[in-house]
Amino acid sequence: MKISNIEFTDKPLFLAPMEDVTDPAFRMLCKRFGSDMVYTEFISADALIRSVKRTEQKLTIYQEERPVAIQLYGREPEAMAEAARIAAQAQPDIIDLNFGCPVKKVAGKGAGAGLLLNIPTMLEITKAVVNAVNVPVTVKTRLGWDDEHKVIVNLSEQLQDCGIAALAIHGRTRSQMYKGDADWTLIGEVKNNHRIHIPIIGNGDITTPERAAECFDRYGVDAIMVGRAAIGRPWIFGEMKQYFKQGENIPLLSFDEQKSILKEYIIAAVQWLDIDKNIELESVSNQYLKGIIHSRRHLAASPVFKGIPNFKETRIAMLRANTLNELFGIIDLVSESQLRF
Ligand SMILES: Cc1cc2nc3c(=O)[nH]c(=O)nc-3n(C[C@H](O)[C@H](O)[C@H](O)COP(=O)(O)O)c2cc1C
């Protein structure tokens, strides 16, 4: 499978773009465990144009994580084209357009999934961006606005005609937000449409290796994108790849290895957000609040600590810890034996 000139192995797995989750530190871990492509979180076109520093920081990408897509959102063709030119300077492998974000502050203002109510503007944006940059442009969207307007089959042809290199489809409508089950039947219909020749990336509720294999087989998608199931669990890509090869779902990492990956992520998040250089051992007692707070989402969601009896107190302490010393002390104390007995 190829997206533009980027070649992928069989059954590629992509890390979905996720706000406040898919930072470079996390993306590199996912890549290490086998994710075939990673996406930045969505980046506001308007904020990029205004040179907002925190937004510009989101454009940072590293060689080790390639191929990487920078995802943009906005509602005006000219602004999106301008933002794409700025993003292209960061040399991403792909520029992805977000036409799927359902939250009010985005969709309510006519960006993200809001563009599912305004297809002419969505297509204008797509054409404007494709014409503005030399980087392959892809789109990520949903089935439609609501149950009565599941437009994706038609829309995919229209988007393809605008010159996009691939299309990712989250099998929900905007109205569903994240509720109900993702419906893959329409994703399959798009893939089986003989007029569609661009790669189709399926997304929604892929949480196990078995489900990933089933969706590749049943719907014939070119790639699968994994979102929430990867939070606090970047090794899920390795588990899926292992299953594709061997047909067995066996844990990739031991309990202690999983804990050390979480710690490695926390350190990388601190390096990313609080300091630029390597952390010296003696400085682990310092407060690196930005990185620690940022990594809490992964700690809270991680399956590593699930199933440990009476874990509530420890969990609260873990999510309140303000220093690396304190946080690592808590993580180190949790042992696999607690899981067994
Ligand atoms: C915390 C969070 C942040 C998200 N941020 C983005 C985003 O920035 N851009 C985007 O296209 N989708 C975003 N999404 C949607 C995911 O990319 C994905 O489409 C959705 O979670 C369904 O896939 P999943 O069932 O594998 O999680 C986000 C989802 C979550 C849970």
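Helix H11, residues 255-273, and helix H12, residues 289-301, approach each other with their axes within 8 Å and a crossing angle of roughly 145°. The crossing of these two helices is right-handed. The model described here is a predicted one, and its chain is divided into domain 1 (7-246) and domain 2 (255-340).

**Helix pair H11 and H12**

- On the H11 side, the contact is formed by Leu262, Tyr265, Ile266, Ala269, Val270, Trp272 and Leu273.
- These residues meet Lys290, Gly291, Ile292, His294, Ser295, His298 and Leu299 of H12.
- Sorted by class, the residues of the contact between H11 and H12 comprise nine nonpolar, four polar and one charged.

**Arrangement of the domains**

- Between the C-alpha centres of domain 1 and domain 2 there is a distance of 29 Å.
- Domain 1 contributes 12 residues to the contact between the domains, and domain 2 contributes 11 residues.
- The side of domain 1 that touches domain 2 consists of eight nonpolar, one polar and three charged residues.

**Surroundings of the ligand**

- There are 21 residues around the ligand.
- Among these residues, Ala16, Met18, Phe42, Gly227 and Arg228 come nearest to the ligand.
- The shell around the ligand is made up of nine nonpolar, seven polar and five charged residues.

Methods:
Residues numbered from 1 in each chain as written. Predicted model: local features only at pLDDT ≥ 70, side-chain atom pairs only at ≥ 80, totals over all residues. Near = placed C-beta within 6 Å. Nonpolar A, V, L, I, M, F, W, Y, C, P; charged D, E, K, R; others polar. Domains from an automatic or database assignment. Contact = placed C-beta atoms within 7 Å. Axes fitted to C-alpha atoms, helices over the stretch in contact; angles between N-to-C directions. Helix = DSSP H or I, 4+ residues; strand = E, 2+ residues; numbered from the N terminus. Left-handed = near helix turned anticlockwise from the far one by under 90°.
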